[in-house]
Amino acid sequence: MSPRVPLTRVALLLAALFATAACKPSDVKVKTVKERLDSGQLVEFTKPGYRRPSCPKAAPDWSNLSLSDQAERERIVLKTQSATLNPGKETCFRVGSVVNLTVDGKPNGQATIRKLGLIKLGSLQAQQLKGKFFAKTDDFNGFKSNVESKRMKPVHEGLVTIVEVDYLSGSAADQKTIEDRDAEKNAGDGFAETLNDGDRLGECRNNSVWKELIVPGDYQAPVMTSQIKSWYRLGNFNCLTQGQEAEVKESTKADAPSAGKVRIRKIKMFKVQSLSRERFDLPDFDFEKLKQKILTENSERKPRPEEWMLVYDVEAPGGTVAPVDCRPDTISALTGADRHATRFVTVLPKGTCLKAGHLVMLRIPLAGEDSLEIPARVALVEDRTEGVFVTVEKIIGGQP
């Protein structure tokens with residue numbers, strides 16, 4: 001039987017162990033707010049009554065939430081945008097208070113401050129701003145860029161305050177007008193098109209001027225050779241106008257090669273769900289193939305697909321869509337062809353759009369300057385170094 005240890009001694013041993021454990025340094029270092037911000041993290045403050053401690057204690061809470069323009073105020077009224085940005089960290093709103101929505105100093109509508117957040121503008125992500133408006137990549141990037149270029153100053157040290165709000169229904173004098181206009185805009189497919197040179201559709205911030213029409217490399221040749229006379233852009237962000245020229249490129253990078261220039265002859269905008277063949281000018285391209293590409297691309301958009309899309313009808317400067325006669329109506333057989341043959345061969349320049357099954361008139365050179373024209377059907381198209389070799393068959397019932 002083991003000897004008994006006095007209870008007082010046990011108590012002393014336990015106390016010593018706890019004391020030793022309490023003196024050990026913690027393995028987890030708690031980061032300060034500054035350290036978290038410097039690492040690109042978002043720091044949020046949600047407790048009702050919270051106000052930044054750096055705000056002067058004697059100064060009243062801020063009561064006016066300044067917005068960039070009427071469009072932003074209307075989005076808050078419609079609750080498609082529930083957060084905005086204030087440059088810097090010295091934002092003296094109080095969580096839970098009611099503020100006025102102001103544009104150029106004029107109030108119209110109110111909202112409750114729901115949350116404040118601090119983050120470096122360069123680290124800001126779309127999902128950190130509440131509202132479906134920010135789900136569109138173009139809209140988020142444009143919003144962020146506008147704050148950076150027009151409102152940020154060196155004193156802000158690259159920081160912004162996210163002000164998250166809940167609009168107080170009925171507080172804006174024009175709420176019904178805003179809602180009616182939005183309902184009308186979203187009725188049906190929302191189709192609109194430009195009519196005159198200089199017209200533009202969609203949203204374009206800061207009056208930017210785009211100089212490129214972005215087309216993937218695999219589709220540039222069909223666009224430049226008129227197989228495709230329309231191209232698209234997902235979303236409603238657009239800074240191209242009817243009548244202007246644009247470089248066909250894969251990206252907006254300065255060193256990205258250009259496939260050539262096209263002229264924008266019309267711009268159309270509508271909802272993606274209303275995508276149809278009639279809204280594209282496709283002389284010689286399978287619409288179903290293009291449609292599948294558009295829908296697949298849109299389904300992969302994060303965090304959610306685009307609701308709207310734009311279609312640009314294009315032509316090359318001077319009114320011709322292609323540098324070569326892409327799909328000629330009449331072609332000539334090689335010199336010396338037998339007029340009584342049933343198959344003939346000709347050579348066309350690179351870039352031809354002729355395909356097997358197309359109908360053409362075949363001109364057969366005869367003695368002297370005479371020639372004979374007969375209807376024919378394209379049987380084979382071969383792209384060789386010397387050019388495009390096209391084999392056609394005489395249509396039975398045509399001239400012998």
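Mentor: A salt bridge is taken here as a side-chain nitrogen of Lys or Arg within 4 Å of a carboxyl oxygen of Asp or Glu. By this rule the count comes to 22 salt bridges in the model, which is predicted. Side chains of opposite charge can pair when their charged atoms come close.

Consider the pair of Glu 164 and Lys 115, whose closest N and O atoms are 4.0 Å apart.

A second pair is formed by Asp 189 and Arg 279, with 2.5 Å between the closest N and O atoms. Asp 189 sits in the loop between helix H5 (175–186) and strand S7 (192–193), while Arg 279 sits in the loop between strand S11 (258–271) and helix H7 (287–299); the two are 90 residues apart. Because its relative accessible area is 23%, Asp 189 is classed as partly exposed. Arg 279, with a relative accessible area of 14%, is therefore buried, the cut-off being under 20%.

Arg 263 and Glu 315 form a further salt bridge, their closest N and O atoms being 2.8 Å apart. Here too distant parts of the chain are linked, with Arg 263 in strand S11 and Glu 315 in strand S12 (residues 308–315), 52 residues apart. Arg 263 has 23% relative accessibility, so it counts as partly exposed. Glu 315 has a relative accessible area of 16% and is therefore buried. Salt bridges that share partners also join Glu 44, Arg 114, Lys 115 and Glu 164 into one network.

The nonpolar cores come next. The largest has 36 residues, and those with the most contacts inside it are Leu 213, Trp 231, Tyr 232, Phe 280, Met 309 and Tyr 312. Two or more residues of this core come from each of helix H6 (217–224), strand S9 (230–234), strand S10 (245–249), S11, H7 and S12. S12 gives the most, with six residues. Leaving aside residues up to four places away in sequence, Leu 213 touches Trp 231, Leu 240, Ala 246, Glu 247, Val 248, Lys 249, Val 262, Tyr 312 and Val 314. A second, separate core comprises 23 residues, including Leu 37, Ile 76, Val 103 and Val 165.

Methods:
Residues are numbered from 1 along each chain as its sequence is written. This is a predicted model: local features need pLDDT of at least 70, side-chain atom pairs count only at pLDDT 80 or more; totals for chains, interfaces and linings use all residues. Side-chain values use heavy atoms; hydrogens and water are left out. Helices (H or I, at least four residues) and strands (E, at least two) are DSSP runs, numbered from the N terminus. Buried means under 20% relative accessible area, exposed over 50%, partly exposed in between (1.4 Å probe, protein chains only). A nonpolar core is a set of buried Ala, Val, Leu, Ile, Met, Phe, Trp, Tyr and Cys residues joined through side-chain atoms within 4.5 Å. Contact means heavy atoms within 4.5 Å.
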